[in-house]
Amino acid sequence: NSTYIDCSGDLSCEASTLHSMDSYLNQGDGYINCAGDGSCKRSGLSSTNVIKCAAHESCYFPDYIIAQNDITCSGDHSCFSNEFVSNDPHIKSITGNVICEGSGSCLDAKIESGNHAYCTAHESCATTTISTGGNIYCDGNLACKESSISAMGD
């Protein structure tokens, strides 16, 4: 009885509003998987558990991406954002991590993480505003170039 939303075809779930909530019996089983190229593009995504944007330009120009736990942007330009295209675009993990591991994946985004933010690919968090309750790891080439960073970690 999980509440799983799978958008694995190219451009699937484009310009949609997706909410994956807990099932009746289980807490934290909401799951959104955007695995097709351009899937979940220009959409609003929220989950009581995790969100994965795994393909090229998946979750591109999001209205918002909000999850209780981890948000993973692993495709190239997967969670690429722009305040001129979306109204108050933001990527927010309430208690988990925001993981930007695709090239340019969280470029130009506003990231809030209750735990840590990981920017591990080329320009993955460039020109981004990042605030976390934990640490921020800018490990990719030019990963946090021209970004505004606020970490509250140990």
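Trainee: Let me start with T132. Which residues does T132 touch, not counting residues up to four places away in sequence?
Mentor: T132 touches S113, N115, H116 and A117, and also S150, A151 and M152, with residues up to four places away in sequence not counted. Please keep in mind that this is a predicted model.

Trainee: Understood. Where does T132 lie?
Mentor: T132 lies in strand β12, which covers residues 129-132.

Trainee: And is T132 buried or exposed?
Mentor: T132 counts as buried because its relative accessibility is 5%, and the cut-off for buried is under 20%.

Trainee: Let us turn to the cysteines. How many disulfides are there?
Mentor: The count comes to seven disulfides. One of them joins C7 and C13, with the sulfur atoms 2.0 Å apart.

Trainee: What is the handedness of the C7 and C13 disulfide?
Mentor: The torsion about its S-S bond is about -85°, so the disulfide of C7 and C13 is left-handed.

Trainee: How exposed are the two partners, C7 and C13?
Mentor: C7 is buried, with a relative accessible area of 0%, whereas C13 is partly exposed at 23%.

Trainee: What about C34, which cysteine is its partner?
Mentor: C34 forms a disulfide with C40, and their sulfur atoms are 2.0 Å apart. The link of C34 and C40 is left-handed, with -85° about the S-S bond. C34 counts as buried at 0% relative accessibility, and C40 counts as buried at 1%.

Trainee: Where is C40 placed, and between which strands?
Mentor: C40 is in the loop between β3 (30-34) and β4 (44-47). The backbone of C40 deserves a look: its phi is positive, about 65°, although C40 is not a glycine.

Trainee: Why would that deserve a look?
Mentor: Most residues other than glycine have a negative phi.

Trainee: What other residue has a positive phi although it is not a glycine?
Mentor: F61 has a positive phi, of about 50°, and is not a glycine. F61 is found in the loop between β5 (50-53) and β6 (64-67). At 16% relative accessibility, F61 counts as buried.

Trainee: How many bridges join β6 to β4?
Mentor: Four bridges join β4 to β6, and the two strands run parallel. Within this pairing, G44 has Y64 in β6 as its bridge partner. β6 also pairs with strand β8, residues 91-93, in the parallel sense over three bridges. There, I66 stands opposite K92 in β8.

Trainee: What does L45 touch, not counting residues up to four places away in sequence?
Mentor: L45 touches L18, I32, C34, C40, I51, C53, C59, Y64, I65 and I66, with residues up to four places away in sequence left out. Both cysteines of the C34 and C40 disulfide are therefore among the contacts of L45.

Trainee: One last topic, C144. Where does C144 lie?
Mentor: C144 lies in the loop between β13 (136-138) and β14 (148-151). C144 is buried, with a relative accessible area of 15%.

Trainee: What does C144 touch, not counting residues up to four places away in sequence?
Mentor: With those residues left out, C144 touches C119, C125, A126, I130, C138 and I149. C144 and C125 are 19 residues apart in sequence and 4.9 Å apart in space, C-alpha to C-alpha.

Trainee: To which cysteine is C125 joined?
Mentor: A disulfide joins C125 to C119, with 2.0 Å from S to S. The torsion about that S-S bond is about -85°, so this disulfide is left-handed. Both C119 and C125 are buried.

Terms used:
Residues numbered from 1 in each chain as written. Predicted model: local features only at pLDDT ≥ 70, side-chain atom pairs only at ≥ 80, totals over all residues. Heavy atoms only, no water. Buried < 20%, exposed > 50% of the residue type's maximum accessible area, 1.4 Å probe, protein only. Pairing = 2+ DSSP bridges. Disulfide = S-S within 2.5 Å. Contact = heavy atoms within 4.5 Å.
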